[in-house]
Amino acid sequence: MLSVELHAHSSLSYDGRDEIDLLLEQASAVGLDALAITDHDEIDASLAAAERADEYGLVGIPGIEISSAAGHVLGLGVTERVPAGLSFGETLDRIREQGGVAVVPHPFQKSRSGVMANITGSELAEADAIEVYNSRLLTGRGNRKAQQFAERRGLPQTAGSDAHISEMVGQAVTRIDTDERSTAAILDAIRDGRTSAEGKRTPWRISFRQAAGGAKRRVKNRVANLLE
């Protein structure tokens, strides 16, 4: 049984803070077996982390959080950037064309680009897995709805800290029923539903700090782009 963090952001995300080494160090320190860095519409940091993960005793899973036209989708196991703005269905197809797994994070959280604001339940059920525990939801309602949906549809379930600072990596983990420490074995287990989700909610003070830091970084990036 492996403990895996499937949803974390580095400084390459517009709202992330820390470099990949800090995320890898934290993942190792809290006893995780694998880490996927899933930056918003960016993949370079995740690919670099996947290459260096072995130095920290970890399996590095390449990934990305894609801004589809319907909302956010995690692509795990992909090695090329999937463009933002595609339809939900085409986003799933692009992930699978690369041999990846399409996981929908916080699907019922409209304020955080959850897809259920824009698609039907039947469309959501086309995903490979549903993130049923996201540490950054301020209440448990969205997580409960996601878990109930996944259970009704018989869909694999995952968890993710959605960390935007390194200290929160491992706040939520997906337990993977395999003894093989490899990306391929982890992805296969997710597809097969050999997973369980568990975690703790991010303390509200840290959630607000992450949000405020992200907003500040977005403003700085816009100013820098205007000055280029």
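Two strands pair if DSSP finds at least two bridges between them. Helices (H or I, at least four residues) and strands (E, at least two) are DSSP runs, numbered from the N terminus. The model is predicted, so local features need pLDDT of at least 70 and side-chain atom pairs count only at pLDDT 80 or more, while totals for chains, interfaces and linings use all residues. Residues are numbered from 1 along each chain as its sequence is written, and side-chain values use heavy atoms, with hydrogens and water left out.

**Sheet**

Nine strands form an open sheet with mixed pairing, in the order S7-S6-S5-S4-S3-S2-S1-S8-S9. S7 and strand S9 (195-199) are the edge strands, each pairing on one side only. From one strand to the next, the twist averages 30 degrees. S2 and S3 run parallel and are joined by four bridges; Leu35 has Gly60 in S3 as its bridge partner.

Axes are lines fitted to C-alpha atoms, for helices over the stretch in contact, and angles run from 0 to 180 degrees between N-to-C directions. H1 packs on the sheet and touches strand S1 (2-8) and S2, its direction making about 150 degrees with that of S2. H2 also packs on the sheet, touching S2 and S3, and its direction makes about 170 degrees with that of S3.

**Helix H2**

In H2 (residues 44-52), the buried residues are Ala45, Ser46 and Ala49. They span an arc of only 100 degrees around the axis, so they sit on the same side of H2; the arc is that of the directions from the helix axis to the C-beta atoms. These buried residues of H2 pack against H1, S2 and S3. Asp44 and Glu51 are exposed, on the face of H2 turned away from its buried side.

**Nonpolar core**

A nonpolar core is a set of buried Ala, Val, Leu, Ile, Met, Phe, Trp, Tyr and Cys residues joined through side-chain atoms within 4.5 Å. The largest one has 24 residues, and those with the most contacts inside it are Phe88, Ile95, Val104, Val115, Leu124 and Ile130. At least two residues of this core come from each of strand S3 (59-67), helix H3 (88-97), S5, strand S6 (129-134) and helix H5 (141-153). Leaving aside residues up to four places away in sequence, Val104 touches residues including His72, Phe88, Val115 and Glu131.

**Salt bridges**

A salt bridge is a side-chain nitrogen of Lys or Arg within 4 Å of a carboxyl oxygen of Asp or Glu.

| Pair | Closest N to O |
|---|---|
| Arg181 and Asp33 | 2.7 Å |
| Arg191 and Asp188 | 2.9 Å |

Arg181 lies in the loop between strand S8 (172-176) and helix H6 (183-192), and Asp33 in the loop between helix H1 (20-29) and strand S2 (34-37), so this pair ties together parts 148 residues apart in sequence. Arg181 is partly exposed at 42%, whereas Asp33 is buried at 16%. Arg112 is buried at 19%, and Asp162 is buried at 2%. Arg191 and Asp188 both lie in helix H6, three residues apart, about one turn of the helix.

Key:
Buried means under 20% relative accessible area, exposed over 50%, partly exposed in between (1.4 Å probe, protein chains only). Contact means heavy atoms within 4.5 Å.
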